[in-house]
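Reader: I'm new to this one, and I'd like to know where the labels come from. Could you take me through it?

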Protein chains: 2
Amino acid sequence: MSTPRHRPELTQAARPATFVVTTLNEHGEPSEAQIAGEHPLTVYVDKQEILTLMTLGAAPEALVVGYLRNQRLVDSVDEIKAVQIDWEVNAASVYTQSGLVDLAAKMEHRTKTTGCGQGTVFGDLMADIDDIKLPTDVKLPQTTLYALAELVRKHETIYKQAGAVHGCALFSLTPELLYFVEDVGRHNAVDAIAGMMWLDGVDGGDKIFYTTGRLTSEMVIKAAQMGIPFLVSRSGLTQMGYEIAKRVGMTMIGRAVNKHFLLFCGEERFEYDTKVSAER
Amino acid sequence: MSTPRHRPELTQAARPATFVVTTLNEHGEPSEAQIAGEHPLTVYVDKQEILTLMTLGAAPEALVVGYLRNQRLVDSVDEIKAVQIDWEVNAASVYTQSGLVDLAAKMEHRTKTTGCGQGTVFGDLMADIDDIKLPTDVKLPQTTLYALAELVRKHETIYKQAGAVHGCALFSLTPELLYFVEDVGRHNAVDAIAGMMWLDGVDGGDKIFYTTGRLTSEMVIKAAQMGIPFLVSRSGLTQMGYEIAKRVGMTMIGRAVNKHFLLFCGEERFEYDTKVSAER
């Protein structure tokens, strides 16, 4: 990990991830169930309200930083002076070094030309996709893919306790699990990892992004923007996710469950292990 | 079904749901896989651009009508004169009878005070939640719950072919499957069903809403707005989904898989079958 040039002042305001409620099971018997937290978090930048995120609240500071990064409302983590989460009023207050230039114009533009796409911010993102160059000199061996799937499986997750969340993880090629974030929305989990990478000065070029969720256009675009050449999912993918991955030259693997997977594109970075892949 | 007073002119522009791509499997062998479609669809109301939805495109006209309904940009289906989908330019053109009053103000307000919440439109919706009255004189027998789960299971789904989609269904208490919609986003699937209900003049008061997806605050709020007293999911739920369901007095059932389920709230509308629930 490179040394960050600048790290904003941050609160450490994670919320409890799960709550216990009493339910009735199929026999009419009382049964305790754990459910995932979900909290509104309204983001203010220099006291101007931006939007309200619904989040599990496990990594709210990183989520807000990553949201601003992925929406490209902030160009560099150096611009962020502080992020303060206050759950008493469900507010995330971001302070910048010198104010965001054209914030009003950016927000206006987003509403008018792309809107929020019900979970997908789109228009502007596509415009820049062709400028992205992913590294071509990194390889993912089949044994590494299997090892990282095993690391995810062993990781303690809110999903196992309460369901209703998606998980995203960032791995080095060792593979070492660098970050693991769960949230009620896939978009939040990927944004939180983008925030952690910025805060820690981590480059995406030699990393693997893993998600339990589907590989839609938005997930692929965000991974590409973070400069990550490898995208792995337990789930399937959409046509547009596939087309964008091919266009940016990403190595994309879906349906990675146990020893099975499908390599959708970017096979030049994947190394089959002759012995492993021949096992039936 | 009641007779609709008014039905807008609609195109019938469903897109193919799945596409075949060639992948490499874990043995390095070529393998054909079906993937779900995903297309941008930019919504214009009286030629003013509203936002871009990312959709499977199975029921685009109903999706757009339901989106306008659930965002409360339109108060009644009577206000909608026509919806024209043109996939050559990925556009949905909505024409209203007499123009939308305060559309600019509504869009502005949403951006500034609630934003899009990354898949969750929130602020305004909560304000009105206490005005919702769900019927108390309808019952869901345990046998009906099991029968509808079986109907969903047997239904031909894109999920089975290609994954990467969520499904939503509307049932009568018979139970009869009235609508079944899959889309790349849960929010789209529920919006499309809201649109179909408006177009066909279907009331939610004696219906069951089923979803394969999680019961987050947004799903519960939307079902409540449609006046539907029963919400059933194969998945789990979030804390805020639970709290809102309790607040509006909804009967909410989660983790409904095979003969198992958890009744989270609204048990006064649920009828355990003594014989069925005693079976172990």
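Author: Let's start at a strand pairing: A:Ile253 stands opposite A:Leu263, which sits in S14(A). Keep in mind that this is a predicted model.

Reader: What makes S13(A) and S14(A) a pair of strands?

Author: Two strands pair if there are at least two bridges between them. Strand S13 (residues 251–257) of chain A is joined to S14(A) by four bridges, and the two run antiparallel. So with four bridges against a cut-off of at least two, they pair.

Reader: What happens in the hairpin between S13(A) and S14(A)?

Author: Two residues lie between the strands there, and A:Asn258 takes a positive phi near 50°.

Reader: Which strand of chain B pairs with S14(A), and how do you know?

Author: That's strand S2 (residues 18–25) of chain B, which pairs with S14(A) in the antiparallel sense over two bridges. Since the rule asks for at least two bridges, two bridges make this a pair. In S2(B), B:Asn25 is the bridge partner of A:Leu262.

Reader: Why is S14(A) called mostly covered?

Author: Count its residues: S14(A) spans residues 260–265, and five of its six residues are buried. A residue is buried if 20 or more other C-beta atoms lie within 10 Å of its own. For chain A as a whole, 51% of the 280 residues count as buried.

Reader: Which helix of chain B is mostly covered?

Author: Helix H7 (residues 217–225) of chain B, where eight of the nine residues are buried. Those eight include B:Glu218 and B:Lys222, along with B:Met219, B:Val220 and B:Ile221. After H7(B) comes B:Gly227, with a positive phi near 75°.

Reader: Why does A:Ala147 count as partly exposed?

Author: It has 14 C-beta neighbours inside 10 Å. Buried takes 20 or more and exposed takes 12 or fewer, so a count in between is partly exposed. A:Ala147 therefore gets the partly exposed label. You'll find A:Ala147 in helix H4 (residues 142–154) of chain A. Its C-alpha atom is 9.4 Å from that of A:Glu176, which is 29 residues away along the chain.

Reader: And what about A:His6: how do you know whether it is buried or partly exposed?

Author: A:His6 has 14 other C-beta atoms within 10 Å, so it is partly exposed. A:His6 lies in the segment before strand S1 (9–10) of chain A. Leaving out residues up to four places away in sequence, A:His6 touches A:Val77 and A:Asp78. A:Glu32 is another matter: A:His6 and A:Glu32 are 26 residues apart in sequence and 45 Å apart in space, C-alpha to C-alpha.

Reader: Why are H1(A) and H6(A) called roughly perpendicular?

Author: The axes of H1(A) and helix H6 (residues 186–200) of chain A come within 6 Å and cross at roughly 95°. Angles of 65 to 115 degrees count as roughly perpendicular, so H1(A) is roughly perpendicular to H6(A). Among the residues that meet are A:Leu63, A:Tyr67 and A:Arg69 in H1(A), and A:Asp191, A:Ile193 and A:Trp198 in H6(A). By class, the contact residues divide into eleven nonpolar, four polar and two charged.

Reader: What makes H1(B) and H6(B) roughly perpendicular?

Author: In chain B, helix H1 (residues 60–70) and helix H6 (residues 186–200) have axes that come within 6 Å and cross at roughly 95°. H1(B) and H6(B) are therefore roughly perpendicular to each other. This contact includes B:Val64 of H1(B) and B:Met196 of H6(B). Its residues divide into eleven nonpolar, four polar and two charged.

Reader: Back to chain A: what are its domains, and how many residues does each bring to the contact?

Author: The domain assignment gives domain 1 (9–126) and domain 2 (140–278). Domain 1 of chain A brings 24 residues to the contact and domain 2 of chain A brings 25.

Reader: Which element gives the most to the side of domain 1 of chain A that touches domain 2 of chain A?

Author: H1(A) does, with eight residues. On that side of domain 1 of chain A there are 15 nonpolar, seven polar and two charged residues.

Definitions and conventions: Residues are numbered from 1 along each chain as its sequence is written. Chains are lettered from A and ligands numbered from 1 in the order in which they are written. This is a predicted model: local features need pLDDT of at least 70, side-chain atom pairs count only at pLDDT 80 or more; totals for chains, interfaces and linings use all residues. Domain bounds come from an automatic or database domain assignment. Two residues are in contact if their C-beta atoms, placed from the backbone, lie within 7 Å. Ala, Val, Leu, Ile, Met, Phe, Trp, Tyr, Cys and Pro count as nonpolar, Asp, Glu, Lys and Arg as charged, and the others, Gly among them, as polar. Axes are lines fitted to C-alpha atoms, for helices over the stretch in contact, and angles run from 0 to 180 degrees between N-to-C directions. Angles under 35 degrees count as roughly parallel, over 145 as roughly antiparallel, 65 to 115 as roughly perpendicular and the rest as oblique.
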